[in-house]
Amino acid sequence: MREGFGHGRLNKFVWATCQADYPRLFTFDEEVTNTTTTRYLTASIDKDRGDVDNCASREAYRKQGVDLGLAPERLERYTADDDATDLGFSMIAPDARSLESRCEEGDSTKVQRNELRLLQKKYVHDVSDPHWYTIRFRTRGTPPPCGSSRWIMAQWKYAPASEWPHDYSQNPFLAQRFDNGVFHITAQRDRCRCMVAVADGDPDLKTDDPSLLAAPEGQGQRALKKSQPLKCTREDKVCTPEGFTVWTTDGGEPPQLPDPRKGWVTMSYRIKPLGAEQGQIDVYANGRFIVRMSGHVGHDGLGPSRMKFKFGAYRDRITGTHHMDVDRICISRKIGNCDRTVTQVELTD
């Protein structure tokens, strides 16, 4: 699947809007330079957006099919094919939500959501089947320095074939995050969430002095060695994810991520989140290898599961308006179909 958003409208045969404020918080635009024209989708979030989640409602999908003008027989297939009840709600477990506001004017007991998620089954693969995901994006707007606000721009989750065995099973095992306006990547092993790569800045520091958000540059790279996550927490306490290994090319910190506030960034991920020893996620930024996670990647005990991918905005309620411009999203078994700047690094133990 390759979505370039070049037609100036959302393809509702691909994307579900049941967790989005569409079309109010979505626009289509283009950027013209001397050599290229970039057409992109903008997903925004503002103070008025709340938490709306109709994705476990088959009626919501039927309404979307009606809006597409489908004939009755096609409408029935469309509604059945999305398998809405299997996708289920997307939410954070109540005990994982802080009751204290992390922003002076915010409210972390409430969340804001404006996300698009894949609709058709043909784009939702089994978690045991490795796929590449590429997203080219940039950000606009200045978030307030609230520290951690659980701000997610893109996330990968399980869609289990059975009931959720644990409350944390609904948390993303991989996420692009934007707390404090600092781009970073997290991976979660059961209840333990680890930051594995970060752009310039500190996503957790609550400060009004932007000079204090500077972070050190990443190390150079030579050969693959075991490394450590940058930070791992469980309910704000330090944790160690069992059976979860981080690899970088020299055993030090991964290279610093590019800053989407300064221009377009292309992130590519090879994802196989089995939860057992065979799990593996590789991360590339603008064609450069960043980090690998292997071993117990994701959550155990889920049984047969499919991949659930979403992008947009999910965060605690904070002030201000923010925009995420998305030029391209691609999902494929082959990286050449999605990002030709990547030279796949076959790093072994």
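**Figure 1. The largest cavity in this predicted model holds about 50 Å³ of space.** It is one of 4 cavities of 30 Å³ or more in the structure. Its lining consists of A43, S44, I45, W151, M153, G312, A313, H322 and M324. Sorted by class, 6 of these residues are nonpolar and 3 are polar. None is charged. Three strands, β4 (37-45), β18 (305-317) and β19 (322-332), each give at least two lining residues. Strand β4 provides the largest share, with 3 residues.

**Figure 2. The largest nonpolar core has 59 residues.** Those with the most contacts inside this core are W15, W156, I185, M267, M293 and F311. Take W156 as an example. Leaving aside residues up to four places away in sequence, W156 touches Y133, P172, F173, L174, A175, Q176, Y269, I271, M307, K308 and F309.

**Figure 3. C192 and C239 form a disulfide.** Their sulfur atoms are 2.0 Å apart. The S-S torsion is about 90 degrees, so this disulfide is right-handed. The pair joins distant parts of the chain, 47 residues apart. C192 sits in strand β10 (residues 192-198), while C239 sits in the loop between β13 (237-238) and β14 (244-248). C192 counts as buried because its relative accessibility is 7%, under the 20% cut-off. C239, at 15%, is buried too.

**Figure 4. A disulfide links C194 and C232.** The two sulfur atoms lie 2.0 Å apart. With a torsion of about 110 degrees about the S-S bond, the disulfide is right-handed. C194 is in strand β10 and C232 is in strand β12 (residues 231-234), so the bond ties together parts 38 residues apart in sequence. C194 is buried, with a relative accessible area of 1%. C232 is buried at 9%.

**Figure 5. C330 and C338 form a left-handed disulfide.** The count of disulfides comes to 3. Here the sulfur atoms are 2.1 Å apart. The torsion about the S-S bond is about -70 degrees, so the disulfide is left-handed. Both cysteines are buried.

**Figure 6. C18 lies in strand β2 (residues 15-19).** Is C18 buried or exposed? C18 is buried, because its relative accessible area is 9% and buried means under 20%. C18 and V52 are 34 residues apart in sequence. In space, their C-alpha atoms are 7.7 Å apart.

Definitions and conventions:
Residues are numbered from 1 along each chain as its sequence is written. This is a predicted model: local features need pLDDT of at least 70, side-chain atom pairs count only at pLDDT 80 or more; totals for chains, interfaces and linings use all residues. Side-chain values use heavy atoms; hydrogens and water are left out. A nonpolar core is a set of buried Ala, Val, Leu, Ile, Met, Phe, Trp, Tyr and Cys residues joined through side-chain atoms within 4.5 Å. Buried means under 20% relative accessible area, exposed over 50%, partly exposed in between (1.4 Å probe, protein chains only). Contact means heavy atoms within 4.5 Å. On a 1 Å grid over the protein atoms alone, a cavity is a set of points where a 1.4 Å probe fits but cannot get out, and a pocket is an open set with protein on both sides within 12 Å along at least five of seven lines; lining residues have an atom within 4 Å of a point. Grid points are joined across faces, edges and corners, and a volume is the space filled by probe spheres set on the points. Helices (H or I, at least four residues) and strands (E, at least two) are DSSP runs, numbered from the N terminus. Ala, Val, Leu, Ile, Met, Phe, Trp, Tyr, Cys and Pro count as nonpolar, Asp, Glu, Lys and Arg as charged, and the others, Gly among them, as polar. A disulfide is a pair of cysteine sulfur atoms within 2.5 Å.
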